[in-house]
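I opened the model today and kept a few notes as I went along. Here they are, in the order in which I looked things up.

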Amino acid sequence: MCNNYAKYVHTITLQAEQGQVSDMAKASTGHSSANKLDEIVASARQQSEKRGHGYREQALKLYPWLCGRCGREFTHSNVRELTVHHKNHDHDYNPPDGSNWELLCLYCHDNEHQRQTEALANKGIALDGAKAPEATFNPFADLKTLLDRNK
Ligand SMILES: [Zn+2]
Ligand SMILES: [Zn+2]
């Protein structure tokens, strides 16, 4: 009796295991389609990276190799430091005439985005009718304007 019960439990366990196996088979079928999805995502990412290199190359062909802010000139040896800025800040908007691109050195590019962030922050504060606190201003922004003016 005790033996039979053990056999019974064993059979149930086996059946459960078999059930699990068939569930796993189903899951693995699902997994293979997930792999396909991964492939699609990967190839889409590759294509967008290719597009990404595409607009940089196009912009470098279209414009002289100098920073649109500080006027620093670039050659083949340091052109890696010359970046393509998207004027509307949308990296997916790449009209072939280059109207959304601006070549900026790393420093000025950084500065440009910082100014954008601050402008948005200041706008948010201005909407409340309060003055933007002094501390949020970039102390170097004015310095840069002065430097540019002296050129
Ligand atoms: Zn610059
Ligand atoms: Zn940018």
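**Entry 1: a loop histidine.** I started with His89, which is exposed, with 11 other C-beta atoms within 10 Å. My scale for this: a residue is buried if 20 or more other C-beta atoms lie within 10 Å of its own, exposed if 12 or fewer, and partly exposed in between, with C-beta atoms placed from the backbone. I found His89 in the loop between S1 and S2. His89 also has a positive phi of about 60 degrees, although it is not a glycine.

**Entry 2: ground rules.** I noted that this is a predicted model, where local features need pLDDT of at least 70 and side-chain atom pairs count only at pLDDT 80 or more, while totals for chains, interfaces and linings use all residues. Residues are numbered from 1 along each chain as its sequence is written, and chains are lettered from A and ligands numbered from 1 in the order in which they are written.

**Entry 3: confidence.** I looked up pLDDT, the predictor's confidence in each residue, from 0 to 100. The protein has a mean pLDDT of 77, and 58% of its residues reach 70 or more. Among the elements, S2 has the highest mean (98) and helix H3 (residues 139–150) the lowest (62). A reminder to myself: where pLDDT is low, the predicted coordinates should not be read in detail.

**Entry 4: the elements.** I listed three helices and two strands, in the order α-β-β-α-α from the N terminus. Helices (H or I, at least four residues) and strands (E, at least two) are DSSP runs, numbered from the N terminus. S1 (residues 82–86) and S2 pair in the antiparallel sense over five bridges; two strands pair if DSSP finds at least two bridges between them. I saw His86 opposite Trp101 in S2.

**Entry 5: burial and core.** I found that 7% of the 151 residues count as buried. In S2 (residues 101–105), four of the five residues are buried. Which residues make up the largest nonpolar core? I wrote down ten: Tyr55, Ala59, Cys67, Leu82, Val84, Trp101, Leu103, Leu104, Cys105 and Cys108. Such a core is a set of buried Ala, Val, Leu, Ile, Met, Phe, Trp, Tyr and Cys residues joined through C-beta atoms within 7 Å. H1, S1 and S2 are the elements that give two or more residues to this core, and S2 gives the largest share, four residues.

**Entry 6: contacts.** I count two residues as in contact if their C-beta atoms, placed from the backbone, lie within 7 Å. Leaving aside neighbours within four places in sequence, Tyr55 is in contact with Val84, Asn94 and Trp101. I then went to Gly68, in the loop between helix H1 (2–62) and S1. Not counting residues up to four places away in sequence, Gly68 touches Glu102, Leu103 and Leu104. Is Gly68 exposed or partly exposed? Gly68 counts as partly exposed because it has 19 C-beta neighbours inside 10 Å.

Entry 7: I found Asp97 in the loop between S1 and S2. Asp97 counts as exposed, with 8 C-beta neighbours inside 10 Å. Asp97 and Leu62 are 35 residues apart in sequence and 8.3 Å apart in space, C-alpha to C-alpha.
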